[in-house]
Amino acid sequence: MARRSLLFTPGDRPEMMRTALESGADAVIFDLEDAVSPDGKTAAREAVGDLLADAADAESEVCVRVESGRAAEDLDAVLGPNARLDTLVLPKVAAAEDVEAVAALLTNRDSAAGVFALIESARGVLSAHEIAAHDRTEALIFGAEDLAADLGASRSREGTEVLYARQRVVLAAAAYDRDAIDTVFTEFGDSEGLRTETARARRLGYDGKLAIHPDQIEPIHDAFRPDPEEIEWAERVLAAEREAKGGVFEADGEMIDAPLLSRAERILELASAE
């Protein structure tokens, strides 16, 4: 499953949520946390519940970000009998116990939804490997803005103040074969800047990036789309692998082992994503 783009949509904006499901994003996150005011929480829960009940045919992965500390109430409100919830997005994850607690809530409600763990604090970064190791965790999401606030750091265009954390999160995700999703690019009118930032995330090993506006989806997909030379190399590698029938083999004068074979498979997976 490709998770190149994950589009946040406020849970109290029904029309915007319906539009998001038709945006072409790989995943849509209906937000019951930061995007919703306390006064609008009840209406947002009702709106998200209605959307989940009507999302059976959605092509995007359907996700809900619950509010930290109120996940049980959020789930009770949105999980009706016909609700489709593919993934729960859990904010402010600081330890594996946070995932365990929400996994128990999902199990008790007969939901098979996976968990995307938002790593956005110093404690979360230091515990990233334990969080990734939990069976219910499907992806780690790096949250640079909240992390910088937690650190007392000033955000910069280059992101050097969060680079170590960004690398640690993707390393933990890779160690347990989880997806790694990069932080938001807040300047949603700067498409070229978004492409550059997303390409940097891809080079670090990230599988996808958060989006906060539908206009960000295509630049993100562009940045994750392999170039023709990469695709041709991957096709030659897989052709050589089929001919070799297992073991170490050669392609383009290079010995190919399991890591390079995995890279070739990932390139063709990205190339086939629409």
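**From a buried loop serine to an enclosed helix**

Not counting residues up to four places away in sequence, Ser 60 touches Leu 21, Ala 25, Asp 26, Ala 27, Val 28, Arg 84 and Asp 86. The model in which these contacts occur is a predicted one. Ser 60 itself belongs to the loop that runs between α2 (41–53) and β3 (61–65). Its relative accessibility is 3%, and because buried means under 20%, Ser 60 counts as buried.

Burial also characterises helix α10 (residues 217–224). Six of its eight residues are buried, so the helix is largely enclosed by the rest of the structure. The buried positions are Ile 217, Pro 219, Ile 220, His 221, Ala 223 and Phe 224. Their packing partners are β1 (5–10), α9 (191–204), β8 (208–211) and α12 (258–272).

Helix α9 has a further neighbour in α8. Two packed helices are described by the angle between their axes and the distance between the axes. For α8 (residues 163–175) and α9, the angle is about 55 degrees and the axes are 10 Å apart. The arrangement of α8 relative to α9 is therefore oblique. On the α8 side, Leu 163, Arg 166, Gln 167 and Val 170 take part, and they meet Glu 197, Arg 200, Ala 201 and Leu 204 of α9.

The structure holds zero aromatic pairs.

How values were computed
Residues are numbered from 1 along each chain as its sequence is written. This is a predicted model: local features need pLDDT of at least 70, side-chain atom pairs count only at pLDDT 80 or more; totals for chains, interfaces and linings use all residues. Side-chain values use heavy atoms; hydrogens and water are left out. Buried means under 20% relative accessible area, exposed over 50%, partly exposed in between (1.4 Å probe, protein chains only). Helices (H or I, at least four residues) and strands (E, at least two) are DSSP runs, numbered from the N terminus. Contact means heavy atoms within 4.5 Å. Axes are lines fitted to C-alpha atoms, for helices over the stretch in contact, and angles run from 0 to 180 degrees between N-to-C directions. Angles under 35 degrees count as roughly parallel, over 145 as roughly antiparallel, 65 to 115 as roughly perpendicular and the rest as oblique. Rings of Phe, Tyr and Trp (its six-membered ring) pair if their centres lie within 6.5 Å; planes under 30 degrees apart count as stacked, over 60 as edge-to-face and the rest as tilted.
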